[in-house]
Each structure stands twice: as structure tokens, then as C-alpha cells.
Amino acid sequence: MQLPDMKEARHRTKTEVLVKNDYVLTEEEKVLGVGKTYFVKTYGCQMNEHDSENIRAILEQMGYKPSTDIEDADLVILNTCAIRENAHNKVFGLLGRIKHARQSKNVMVGFCGCMAQEEVVVDAIMHKYKWIDFVFGTHNIQSLPSILEKATKTNTQQIEVLSCEGEIQENIPVKRDNKYKAWVNIMYGCDKFCTYCIVPYTRGKQRSRLPKDIVCEVESLVKDGYKEVTLLGQNVNAYGKDLNIDYTMANLLEDVAKTGIERVRFVTSHPWDFNDEMIDIIAKYDNIMPYIHLPLQSGSSKILKLMGRRYTKEQYLELVNNLKTKIPNCSLTTDIIVGFPGETQEDFEETLEVVNVCKYDSAFTFIFSPREGTPAAKMEDNISLEEKENRLYELNELINKYSKENNDKYLNKIVPVLLEDYSSKNSSLKGYTDTMKLVNVKADSSYLGKIVNVKITSVKTWSMDGEIVELQ
Ligand code: SF4
């Protein structure tokens, strides 16, 4: 039994990160899932989406087959998110339904992801959710086969969660959700310790993969016909800082662009590490998409300081101005928190002011949610829920206004769209422009996976419709 330890998880040393290639299945593990089905439910960010692609591949190597319906599966794994309270509530809500379903069908239940790294959650699982068969964390996905085997053989609850700085496991299999675009991890963890954020505790210290391993992965994706990669990390701009080699995110972007992949994207950026070198490389390569997700969090330098974000409002605006000057057609999205402890009406108005200057294409907006174990959770929360909701409403109104205004500029324009999947609209496919705008296009399946020129015929706040004008 290995339980999470938030104190241990906060620990950071200069120890070199171990890169491992020793993932392998035993003969017994290879047949454990034969004749059984699995369902993986994923919550949260792209990092979790990609972890679930690894989990599915591992289960299929063990003989399990995918079930399209959670009710029918013999094995259900919840890959959880700990970023906000409502993520917690959704997970416990589903656990309630699964508990009910287990009364009529023998289902094995596994629990992983960032909530598994939280002491309070694992404590609840040990005392209230004893029927959950196994728990593993974000650092040991490669241990799923042995944990699953132990839980199956012993029929006792298995908990193996490592609260450590973390390693890099290179040879974990992956079953990608999409055939045309792929997530590529470039780094794990984060050392920024923004005062409201649980990620440095749940994902460990910042650890960059070796450039050769990333470029090699992208090259094999190109060979497999992939059109787009998204380079993933909690704070991609800091890529390479822990590698003790003179190699930065700008170098990596250039080397990935040179693989010939048609589209390169990257998330998530941190304004503090976003330098001119990176902007110049984005501007230089046509296959690096003109789309930047640049979390602001707050427009008040006072609140940014309390958040531990290490930049001021002025520095953020200067960076945005630089980006828009060097990459004129760049689309910009962000994350904003309202109601952070100590946020006055004036502070909130500074956030609105930054939104009016940046005119974002869209934004993820949230009411502050204290995460146990983070410094902000101990700060005095002196804003009423009603006031927080009013601020969120006012902010969303402004964000929607600029999203629609920005989309209006696309009407009758011809833009490149990667048609990646079927749309919910009849006889349409959906895809994204280079600037990350969602477009529904009347087209048959023969266009799937193709980057086509689309004339935009109508626009809404969050999506557009268009028709193919020519093939690239
Ligand atoms: S940079 Fe992002 S992931 Fe890292 S602590 Fe701050 S908010 Fe969390």
C-alpha cells in the first residue's frame, strides 16, 4: 500500500531525472483481460486525455477490449482531475452510479489521475469507497498491469500512489483517439507553485523529455499520416530548463517544425517564460499554427502577486502586443479566475480592462476554488458567492462579445481547416482552422484527415459553418 503524501509531493531537489524504457508485460498480465471489456472515463485537461490513451493501450495489450458503454464494461477506470471542486463532485457523482450498477453486475473499478494524488481523496476511498478495487497515480501508469493483477488475484483493494518528484517513462504504449492529430508530451509536472494550483503536487517536478525522443515520436507520426501534433506540458515555455543542455522551447518548436508535420500546436503557455526567441520561431514557420493559449488568471498585478504568477499586468500586455505585432493573424485564448481571495471590485475591473485590450478569441473562466494543501486555500475568502457569480457573469458577457466579433471577421474568408471528425450537424464534418476556430463543413467522409480550403458562410460565437472551395 503506497498512499499519497502532499508534504512529500511539495519536495523539490536538483536530482537528475531518470528516463526509463523498462515497461514490459509478464505472460500472466498479457492474458488477464482476455474475454473482458474496459471503459476509461476521462476528466480534465489534455494531459489526462493523453494519459487515458496510454491506459487504453496498456489494457488492450492485456487482452481487454473497449466497451462503448460504461454500463456494459467489466472494468471501469476513472482518470480524474483535481483542478476544481466541481471536478471532484462529478467524479463522486459517477462513483455513486457505478456503486449502484455493481449490485447487478460484477464490475472491477479503478481510480487514477490527479485526485488519486490527494490525501483526502484516497482517505475517503479507503474508508467510504472500499469497493473501489485499485488506485494508482499520475507517476506510475506503467504499473497498471501489476496493480490490476494483484487486485484481481487477491480481491483486496490495492493503492499504489507515488508522491515523488517523478521520472520519465518513455516506452509506454499509446492508443490515440484521433487518426489525424496527436498529443505529444514534451514535459511533465510543474515547479511554478502558483498559490491556487494543485498541479505541482499531483504531477511532480518539471521534467522535460529529451529532444531526440520528442522529435523521433513526431517523425513516426508523420510516417503514420498524422497531420497535426499538439506539444503538451503544464508550462511548455519552460521546456528544457531542467535538461542542463542549451536547448529551449524555441529550439524544440523549430526541430518539430522541420519534421515536415503540417501543423504544430502547443499548450499550455506561461507568460513568465514566453520569450522573443519563441515568438520569432512561431512567426518564421508556416506549419507552427498562429494560435496561442496564454493564461492571464487576473488583470490586477496585486492579485497576480498573491497568485504567485511572477508577472505584472503591464508585462502581460507587453507580451501580447509583441505577439500580435510579430504574428498579426494570431488568435489568442486565455484562462481567468474571478473571486480570488482579496480581489476587490477595482481588481476585477482591471481584469475586464485587460480583456478589452486583448480582445480574446475565447477564454476558460472560473470562480476561485480553494484546493486543499495549496497556500491560497489558507487565504481569507472574503467575497460572497453572489458577488463571485456576478463577476463571472459580467466577464463571460465580455468574452462572448469579443469571441463573436473575432469570428465575424472570418465571414466570406477562405481558411485552411483540418477535417478531423464527423460533426453533430447532418452530412457535415468538423475541424479547426489554423487559428483554432471550430468549423462545420458539408463534406463526405472522403475528406476526413484532409486540410482543405473552406469559405466561411456563417459565424456564431463559438463555431462557424463553411463550404470547401479547393483542395490544398
Ligand atoms: S504554471 Fe500552471 S500548472 Fe504550474 S502551478 Fe501555475 S497554474 Fe499550475
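## Basis of the report

Residues are numbered from 1 along each chain as its sequence is written, and side-chain values use heavy atoms, with hydrogens and water left out. Because the model is predicted, local features need pLDDT of at least 70 and side-chain atom pairs count only at pLDDT 80 or more, whereas totals for chains, interfaces and linings use all residues.

## Helix α12

Helix α12 covers residues 313-326, which makes 14 residues. Helices (H or I, at least four residues) and strands (E, at least two) are DSSP runs, numbered from the N terminus. From its first C-alpha to its last, α12 reaches 20 Å, close to the 20 Å expected at 1.5 Å a residue; the expected span is 1.5 Å times one less than the number of residues.

Within α12, the residues K313, Y316, L319, V320 and L323 are buried. Buried means under 20% relative accessible area, exposed over 50%, and partly exposed in between (1.4 Å probe, protein chains only). Seen down the axis of α12, the buried residues fall within an arc of 130 degrees, so they line one face of the helix; the arc is that of the directions from the helix axis to the C-beta atoms. An α-helix has 3.6 residues a turn, so residues three or four places apart point the same way. On the other side of α12, E318, N321 and T325 are exposed. The buried residues pack against α10 (276-284), β14 (291-293), α11 (301-307), β15 (331-338) and α13 (345-358), where contact means heavy atoms within 4.5 Å.

## Around the ligand

The residues around the ligand include C190, C194, C197, H270 and R309; a residue is near a molecule if one of its heavy atoms lies within 4 Å of it. The shell divides into seven nonpolar, two polar and two charged residues. Ala, Val, Leu, Ile, Met, Phe, Trp, Tyr, Cys and Pro count as nonpolar, Asp, Glu, Lys and Arg as charged, and the others, Gly among them, as polar.

## Backbone features

Most residues other than glycine have a negative phi, and most peptide bonds are trans. The peptide bond from V267 to T268 is cis, with omega near 0 degrees. T268 is placed in the loop between β13 (263-267) and α10.

R310, which is not a glycine, has a positive phi of about 65 degrees. R310 belongs to the loop between α11 and α12 and is partly exposed, at 41% relative accessibility. For M436, phi is near 70 degrees. M436 lies in the loop between β18 (428-433) and β19 (438-442).
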